[in-house]
Amino acid sequence: MAYRRIRRIVASDIKLATTVTVIEAKNTRVLACAVMKPNDVRFALPTLLLGASLVGASLTALSCSDSSDDTGSNNNDLNNADASTSDSGDNNTNPVSIDPTRLLSFAPLPKVMWPAEGDSNNRLLFQKKVDLGKQLYFDTRLSKNNDISCNSCHLLDQYGVDGQPVSDGTNADKTATPPHGNRNAPTVYNAALHLWQFWDGRAEDVEAQALGPILNPVEMGMKDEQEVLAVINSIDGYVTEFAAAFPPEDLNATGKDPNENTTPVSYINIGKAIGAFERTLVTPSRWDAYLNGDKNALTAAELAGLAKFMEVGCDTCHNGVAMGGRGFDLLGETNAWPWPGHPNADGYEEIGRADVTNDDADKYVFKVPSLRNVEKTGPYFHDGSVTTLEEAVNKMAYYQLGKTLSSDDVASIVTFLKALTGDLDDATITKPTPLPGKDDGGGTTL
Ligand code: HEC
Ligand code: HEC
């Protein structure tokens, strides 16, 4: 089983990882260090070190730099940070010793999650895409019945989720079959950090992902790309904004496929604009302050929870900047997950990643989700079947790691997980006034 995890993370296209991944498998440790320089490095430096004793000694030799190219504030200097609270202070009376080496498998958030290609060198142009992407993100006119936008299922003022086990799409309350999708809507916050999008990883990045829901019959339900482009072209404000965000030189410079991307209003550019907006959806938290060297940013209780999180082994899968999003794993890695039956009562068979790879070995394998803001993003798991964070932690320990935790240990880990809750940006979550045009609701907010 451990083999699968190692194979997946090391052999896969590691293009975004920002720090060191330490994967423990019995007596073997795998250390993968990938440096993110978004514009040029897609796969950096996976280093395999066999033998636990080598790991500590080799950390200093590996230079795993900060993910953000110029934000300045993220010094991520954990080698120098004494992660113990024992010497520091007044608010932490109960010193908790945290192994700084272990902390290297995490990293603080950058200010913007820059795309792999283009744009980070042209901030003004990127900002135009962000503004346009925000308009599109909130625009219900991109749905069949003018009733659904991205924000209907990923509410930005509710940490990017809708709080439902599975979401209602544009067919809600209609007779269509199925009336809704089968998977829980993950948060859009910090999602650009994931190496793949969706629970089964079927989209490569947020730009590609954004194009799915618009045409998905159980989401926004538009007929085809032409129908979407006709809506955009019928709204003068969009035509102007697309032209500004995608000037001629930019089309050739950043288009993945220049043949598809020669006019400003194109389907691929809708994805690029929404994706640009999503790349600004970061939620810095006290956890980031801590990783940036502020030893007092977490309370003693939170540090005790962090120590427990690592002791139990949660960080073997939930690591990196997003505390997840960097690998896939079998749900029920150690103890078989109690599946309700395949297919389920709706006639649906959830096979996870195997849907994408057609490989039986990937059946019931899912992307390891991010744990940032997890306090706010329930219900949990790919099917939204678990309501409380306590139950989610309990189940993870048992099914993924074969450990039965005491309720104190669960509570302690939950205390730590709550410290991952970040700040929402008021300007970002404010709904824009729709660009005037057909069905704009008279210029009221969308
Ligand atoms: C009807 C509800 C609904 C709408 C509308 C919707 N989504 Fe989603 N979104 C989901 C669900 C459900 C998933 C998970 C589906 C899966 O994994 O198969 C998802 C997945 C995602 C993910 C992947 C996150 C991750 O961690 O893997 C992103 C990003 C995202 N949506 C962004 C958007 C954007 C942008 C729009 C608008 C263009 C949008 N969504 C519209 C329900 C919705
Ligand atoms: C072997 C890899 C692995 C380990 C170890 C692991 N997890 Fe997970 N975790 C996953 C995967 C995969 C999922 C998604 C499963 C699904 O939804 O089907 C997940 C989901 C979760 C979720 C739900 C998140 C959401 O948004 O729905 C929480 C919370 C969580 N894990 C916490 C933990 C904690 C706490 C530990 C340690 C006790 C832990 N995990 C250990 C792989 C792992």
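**Two ligand shells in a predicted model**

Trainee: By class, what makes up the shell around ligand 2?
Mentor: This is a predicted model. The shell holds two charged residues and six polar ones. The rest of the class count is nonpolar, at 17 residues.

Trainee: Which residues come nearest to ligand 2?
Mentor: There are 25 residues around ligand 2. Five of them come nearest: Cys314, Cys317, Tyr380, Phe381 and Met396.

Trainee: Which helix gives the largest share of the shell around ligand 2?
Mentor: Look at residues 389-401. They give six residues to this shell. That element is helix 15.

Trainee: Which residues come nearest to ligand 1?
Mentor: Ligand 1 has 25 residues around it. The nearest are Cys150, Cys153, Phe198, Trp199 and Pro213.

Trainee: Which element gives the most to the shell around ligand 1?
Mentor: Elements giving two or more residues are helix 6 (206-209), helix 7 (211-215) and helix 5 (150-153). One of them gives three residues, the most. It is helix 5.

Trainee: How many residues around ligand 1 are nonpolar?
Mentor: Set aside two charged residues and eight polar ones. The nonpolar class then has 15.

Trainee: What share of the protein's residues count as buried?
Mentor: The protein has 446 residues. Buried here requires 20 or more other C-beta atoms within 10 Å of the residue's own. The share that counts as buried is 46%.

Trainee: What share of the contacts with a separation of 6 or more joins residues 24 or more positions apart?
Mentor: The protein has 17 helices and four strands. Count its contacts with a separation of 6 or more. Residues 24 or more positions apart account for 68%.

Note on methods:
Residues numbered from 1 in each chain as written. Chains lettered and ligands numbered in written order. Predicted model: local features only at pLDDT ≥ 70, side-chain atom pairs only at ≥ 80, totals over all residues. Near = placed C-beta within 6 Å. Nonpolar A, V, L, I, M, F, W, Y, C, P; charged D, E, K, R; others polar. Buried ≥ 20, exposed ≤ 12 C-beta atoms within 10 Å, placed from the backbone. Contact = placed C-beta atoms within 7 Å.
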